[in-house]
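Hi everyone, thanks for making time this morning. I have one structure to share, so let me put it up on the screen.

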Amino acid sequence: MHAEIVVLPGDGIGPEVAAAAVAVLEAVATRFNHTFNFNEHDIGGIAIDRHGEPLPASTLDACRAADAILLGAVGGPKWSDPNAKVRPEQGLLAIRRALGLYANLRPVRTHEAALGASPIKAELLRGVDFVVVRELTGGIYFGEKTRTADAASDLCSYSVVEIERVLRSAFQLARQRRGRVTSVDKANVLETSRLWRDVATRLGRDEFPDVALEHQLVDSMAMHLLAKPREYDVIVTENMFGDILTDEASMLAGSLGLLPSASLGEPGSVGIYEPIHGSAPDIAGKGIANPYATIFSAAMLLRHSLGLEAEAAAVEAAVHAALDAGVFTADLAVAGSAVSTTQATAAVLERLQG
Ligand code: NAD
């Protein structure tokens, strides 16, 4: 097949990990006889420096015309003045909104070889395999903001349509997995959560009676995620709760550097694939960033945007094999045994050759 892939490397370690994933996609194209065209565009801090805005129209136009988008990360100390008019993260929020990417899929799986990198006991971690579906274009991150000298507010609002579409994504995903959905809210306090719970209950009853649905309050969910992570299959929640729970969940896998994500809209619309971590300014430019999260994101791109399941599985198997062989970057390794970003990527490429 032929596919046009837009690459948005961004800032910090973004370009380093994006290059690793592009190398893997190029190897997939060779091995499976596809043609992937890669076009790089600016987003985030680098786009502010070059174009004066975090999401230039040229980037958005290219993304709209693409089959899929691979993104590194944005942000960094250079652009982090809280009073700045434009910030790198605005580019991310704007592109998700502009492309209608309301469902953010974040799979969390543990790897036997990397269990030691997690602060959680290994016996709780074995066999953990769930997906968090986070609502991405609504809620408090997008609501009206106010600020006076001595007060501030952020509005959280959700419509039934916004809740229904992300819940449908979660229920459909559960049907392809183990058939269980945990809907997370704060219905004992928040009106948006009470609406969320009502919609989840109705959809579960009317459209997905074959899927087991449970509701969980977000505060106790934060606890259960560490105490019994194996019990979950698909966890669906609103924007901010999902943001926080997925960073917590990354500690199950051992590092932020292992967790990929896909941001999807209506079937047929272009998706964005990116690691869940940020631009890691503390290690940027050192060549030591873990590329696996971005390579796993490339596998999700193959699966969800290009429909190439065998290719996606081959990439995931190659990363698992590299992990099994103990090819760890510094975030996963015990002192002294770490490999570089390039070496970790080479280990995946070698195992991908089949
Ligand atoms: P971060 O995810 O960038 O880093 C947190 C810690 O994890 C750091 O110690 C970092 O070195 C480490 N880490 C992250 N990814 C790693 C990898 N692939 N390999 C090895 N170690 C890795 O979060 P932060 O420090 O809170 O934020 C830094 C910047 O990134 C900020 O400007 C923030 O706004 C931005 N950010 C961007 C995104 C995004 O682009 N989607 C997401 C989160 C944060």
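Predicted model: local features only at pLDDT ≥ 70, side-chain atom pairs only at ≥ 80, totals over all residues.

Let's begin with the ligand. How many residues surround the ligand? There are 20 of them, and the closest are Glu-89, Gly-278, Ala-280, Asp-282 and Asn-290.

Now for some individual contacts. His-277 works through its side chain, where a polar atom lies 3.1 Å from a nitrogen atom of the ligand. And how much of the ligand's accessible area does the protein cover? On its own the ligand has 810 Å² of accessible area, and the protein covers 68% of that.

Let's move on to the helices. I'll start with helix 1, residues 14–32, and helix 12, residues 341–352. Their axes are 10 Å apart, and the packing angle is about 15 degrees. An angle under 35 degrees counts as roughly parallel, so that is the label for helix 1 and helix 12. The crossing of this pair is right-handed.

Next come helix 8, which spans residues 218–227, and helix 9, which spans residues 239–253. Here the axes come within 10 Å and cross at roughly 15 degrees, so helix 8 and helix 9 are roughly parallel to each other too. Their crossing is right-handed.

Finally, what about helix 6, residues 160–176, and helix 7, residues 191–206? The axes of helix 6 and helix 7 are 10 Å apart, with an angle of about 50 degrees between them. These two helices are therefore oblique to each other, and they make a right-handed crossing.

That's my tour, and I'm happy to go back to any part of it.

How values were computed
Residues numbered from 1 in each chain as written. Heavy atoms only, no water. Near = heavy atom within 4 Å. Polar contact = N/O pair within 3.5 Å; in protein donor to acceptor, adjacent residues only side chain to side chain. Areas by Shrake-Rupley, 256 points an atom, 1.4 Å probe, with all protein chains shown as cover. Axes fitted to C-alpha atoms, helices over the stretch in contact; angles between N-to-C directions. Helix = DSSP H or I, 4+ residues; strand = E, 2+ residues; numbered from the N terminus. Parallel < 35°, antiparallel > 145°, perpendicular 65-115°, else oblique. Left-handed = near helix turned anticlockwise from the far one by under 90°.
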